[in-house]
Amino acid sequence: MEASYDPEQNPPLHAPLLDRSSPRTGRFAAVFACLFSLISLLALIINQTQQPFEKVQPRGVAEGVSAKSNPSLLNQVPFNWTNAMFSWQRSAYHFQPQKNWMNDPNGPLYHKGWYHLFYQYNPYSAIWGNITWGHAVSRDLIHWLYLPLALVPDHWYDIKGVWTGSATILPDAQIIMLYTGETNESVQVQNLAYPANLSDPLLLHWLQYPGNPVMVPPPGIKPDDFRDPTTAWLGPEGTWRLTMGSKFNTTIGISLVYHTTNFRDYELLDGVLHAVPGTGMWECVDFYPVAINGSVALDTSSFGPGIKHVLKASLDNTKVDHYAIGTYAPKTDKWTPDNPEEDVGIGLKVDYGRYYASKTFFDQHKQRRVLWGWINETDTETADLKKGWASLQTIPRTVLYDNKTGTNLRQWPVEEVESLRLNSTMFKEVLVEPGSVVPLDIGTTTQLDILAEFEIEPLISSTTNEIGNCGDGAVDRSTYGPFGLLVIADASLSELTPIYFRPLNASGGTLKTYFCTDETRSSKASDVFKQVYGGKVPVLDDENYNMRVLVDHSIVESFAQGGRTVISSRIYPTEAIYGAARLFLFNNATGVNVRATLKIWELNSAFIRPFPFERDSV
Amino acid sequence: MKILIVIIFAFLVCQANAFRPILLLGNQNLIERTCKQTPFYDLCIWSLKSNPESRDASVKKLAQIMVDSLKTKATETLDLIDELLQDGLALDPEMQKALTSCAERYNVIIRGDVPEINEALKTGDYKFAAKGANDAAIEANSCEIEFPTKSPLTDMNKVVHDVSVVAASIVKIIQTKFSF
């Protein structure tokens with residue numbers, strides 16, 4: 001595909017001022033239109049004299065246009081948030097800054113014994129704006145220590161925002177940071193930064209290349225469709241490449257490819273790594289190899305037999321992260337999906353909940369690929385400003401190719417989260433009959449690590465096809481489901497968050513299973529977003545239904561079948577908080593008994609705090 | 001007879017349209033096409049056309065005009081809330097509480113959402129413009145349901161809500177449909 005589209009030669013959207021060729025055809029068309037409208041007007045009048053005039057419903061009400069706006073004010077009670085409710089929402093072991101707004105994770109890397117996380121941050125407010133790079137370090141991806149800001153908007157080439165970027169670690173341990181800057185003229189450009197002192201394990205200070213920007217929007221790419229450069233990888237002849245998402249002709253999502261030898265000079269390739277029509281702007285593109293044996297992670301430059309490549313994009317239009325697995329051809333810098341029907345943006349999601357701007361890095365210390373993802377708030381900005389903060393990062397996840405299905409990735413919380421485990425409680429084969437709820441007595445339930453396995457015993461035989469996916473939530477009953485857990489629920493179940501499996505009869509006597517989280521009754525408050533999330537999860541013949549759930553106050557991360565399908569969810573209960581929050585099993589299926597075996601740990605706080613510079617000991 | 005009058009009228013209107021210079025059709029077309037894709041067509045048309053800057057505007061500029069309208073309407077509403085609160089002793093405590101809560105939400109619309117939308121439109125990260133606009137709609141809604149009985153702000157809350165929804169729709173159009 002030629003990147004030679006020139007917006008200046010494209011016909012403008014509105015009619016030209018004086019177009020000599022159109023008056024004659026224009027008038028003919030107008031007269032024809034007049035006759036047609038006359039006839040239809042006549043028809044309408046005749047019609048109306050026979051029927052009373054019907055008032056048309058305003059479109060907005062019927063279609064519920066805005067995802068966040070409430071179509072009806074009926075049956076809503078006003079809600080008053082208290083400080084106790086707000087304080088409870090803050091996470092105990094998920095990364096978030098002490099205060100204010102955060103969004104995309106940036107440039108994650110491992111250096112001299114420390115994991116580094118940078119992130120989009122507003123130093124002044126709990127709303128997006130004035131974007132800088134926040135910075136934190138950790139020994140173990142769990143216990144984070146805040147450091148001073150790493151990058152601030154202090155040059156013309158990033159004065160309107162220091163946006164997302166990625167780190168590339170060179171073979172000689174040099175660190176290259178490429179990031180998007182918003183210039184003084186509102187153009188998106190790519191800039192190069194590097195540590196002022198590589199021997200500083202904390203990488204406190206960063207320098208910017210004097211020749212910035214190193215990449216500017218090429219012809220055919222708009223100044224606001226050019227951002228989020230990836231980690232670079234080495235090609236066969238020793239040239240580095242990186243890719244960056246954009247869009248073509250408004251609706252075609254694409255990923256551009258740049259070559260470089262020195263990270264200062266870049267050459268844009270003709271064509272793109274890949275394109276998918278109808279997906280719109282690709283943000284935060286990520287591109288990395290996976291081993292098809294499914295048991296080892298690979299450095300970003302790996303290539304060869306037994307390796308596939310994952311292409312991931314955050315879709316600006318839908319605010320969803322998608323990925324696809326496929327094959328990369330380094331000689332042509334082209335990637336093709338294994339399954340074009342589940343291409344990038346139209347198939348699998350990285351996470352089926354509230355999740356965006358995810359990014360991986362290769363952790364050379366423990367030889368694993370680690371995935372970060374940004375979790376936004378789903379309450380109002382009034383609430384965010386009142387509580388003084390907004391957004392979290394997920395617990396970092398390892399990513400591997402699932403060689404049992406060959407179609408999915410497997411994500412799993414990094415093992416270091418297990419260091420937070422305190423006491424544990426086991427439940428063996430708890431029977432949950434159709435339409436019932438079983439309480440699990442485990443003390444406080446706001447910081448939990450739950451491993452649950454479910455076996456189903458059919459009580460009736462049914463082979464009729466069942467359609468649907470997560471349905472209308474946990475109240476939507478079918479033969480084999482839903483069944484699962486109720487987290488952050490109060491004793492009277494006035495607030496609850498079901499996390500469940502919903503196997504449905506598909507053709508050929510098989511079952512098609514959905515994994516879901518239902519926020520619709522997570523809170524009595526009317527000014528929070530409450531959605532049913534979920535997606536398909538492959539369940540193989542020799543597998544039981546199993547899930548892992550990390551509960552941390554207002555964030556819940558749920559992993560099905562070893563991480564083939566993952567859902568991140570935000571909940572803002574008003575009653576099911578502190579000691580009032582409980583955990584239950586439930587079975588709302590009509591035709592199966594469920595036996596659940598669980599191991600549940602209470603989790604400690606990670607005590608995320610500022611780096612103790614004075615004491616010099618951690 | 002009635003039908004005859006209607007036919008003559010339609011014919012006259014038609015003639016006027018057929019011979020209207022194409023020059024003027026230019027941007028009105030864009031405004032109409034844009035507003036048709038929002039859920040409150042009339043409000044959209046009125047808000048845009050009453051601002052002279054909409055004449056040669058791009059879709060992005062139309063969005064900015066809509067946001068200006070949002071700011072104006074929200075400011076008017078906040079002014080009304082302040083006036084009502086000044087009645088002080090004459091207010092019953094529930095009304096006072098509701099108005100105070102509404103004042104907070106409208107402050108967020110004016111000082112939080114509007115600047116967020118404007119910064120996002122200027123820098124081209126449109127999803128944050130949508131976020132701010134959607135939030136403004138919820139804040140207006142949330143204010144309305146604060147009042148246990150009759151709300152003194154119903155009409156204004158509805159306008160602010162609807163203008164926000166229109167603004168969010170136009171942002172969506174920028175992201176998904178128009179090149180500029």
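Predicted model: local features only at pLDDT ≥ 70, side-chain atom pairs only at ≥ 80, totals over all residues.
1. Domains. The domain assignment divides chain A into domain 1, covering residues 100-413, and domain 2, covering residues 420-603. Taken over C-alpha atoms, the centres of domain 1 of chain A and domain 2 of chain A are separated by 32 Å. Where these domains touch, domain 1 of chain A brings 29 residues to the contact and domain 2 of chain A brings 26 residues.

2. Buried area. The size of an interface is often given as the accessible area lost when the parts come together. Between domain 1 of chain A and domain 2 of chain A this buried area is about 2,400 Å², and carbon and sulfur atoms give 57% of it. On the side of domain 1 of chain A, the residues that lose the most area to domain 2 of chain A are A:Tyr352, A:Thr378 and A:Trp412, which together make up 28% of what that side buries.

3. Polar and charged links across the domains. Between domain 1 of chain A and domain 2 of chain A the count is 14 residue pairs in polar contact, with both residues at pLDDT 80 or more, and the count of salt bridges between these domains is 3. Strand S23 of chain A, residues 409-413, gives the most to the side of domain 1 of chain A that touches domain 2 of chain A, contributing 5 residues. By residue type, that side of domain 1 of chain A divides into 11 nonpolar, 9 polar and 9 charged residues.

4. An open sheet. In chain A, 6 strands form an open sheet with mixed pairing, and their order is S20-S1-S2-S3-S4-S36. Strand S20 (389-390) and strand S36 (609-610) of chain A stand at the edges with a single partner strand each, so one side of each has no neighbour in the sheet. Strand S1 of chain A, residues 100-111, runs parallel to S20(A) and is joined to it by 2 bridges; here A:Asn100 stands opposite A:Trp389 in S20(A).

5. Salt bridges. Side chains of opposite charge can pair when their charged atoms come close. Over all chains the structure holds 40 salt bridges, including one in which the side chains of A:Lys308 and A:Asp338 meet at 3.1 Å, N to O. Because A:Lys308 lies in strand S15 (residues 307-315) of chain A and A:Asp338 lies in the loop between strand S17 (334-337) and strand S18 (356-363) of chain A, this pair ties together parts that are 30 residues apart in sequence. Another salt bridge joins the side chains of A:Arg397 and A:Glu557, at 2.8 Å from N to O.

6. Backbone details worth checking. Most residues other than glycine have a negative phi, and most peptide bonds are trans. A cis peptide bond joins A:Asn212 and A:Pro213, with omega about 0°, and A:Pro213 is found in the loop between strand S8 (206-208) and strand S9 (233-234) of chain A. The peptide bond from A:Gly481 to A:Pro482 is also cis, with omega near 5°, and A:Pro482 has its place in the loop between strand S26 (447-458) and strand S27 (483-489) of chain A. A:Phe263, although not a glycine, has a positive phi of about 65°; this residue is in the loop between strand S11 (252-260) and strand S12 (266-268) of chain A.

Conventions
Residues numbered from 1 in each chain as written. Chains lettered and ligands numbered in written order. Heavy atoms only, no water. Domains from an automatic or database assignment. Contact = heavy atoms within 4.5 Å. Buried area = accessible area lost by both parts, 1.4 Å probe. Salt bridge = Lys/Arg side-chain N within 4 Å of Asp/Glu carboxyl O. Polar contact = N/O pair within 3.5 Å; in protein donor to acceptor, adjacent residues only side chain to side chain. Helix = DSSP H or I, 4+ residues; strand = E, 2+ residues; numbered from the N terminus. Nonpolar A, V, L, I, M, F, W, Y, C, P; charged D, E, K, R; others polar. Pairing = 2+ DSSP bridges.
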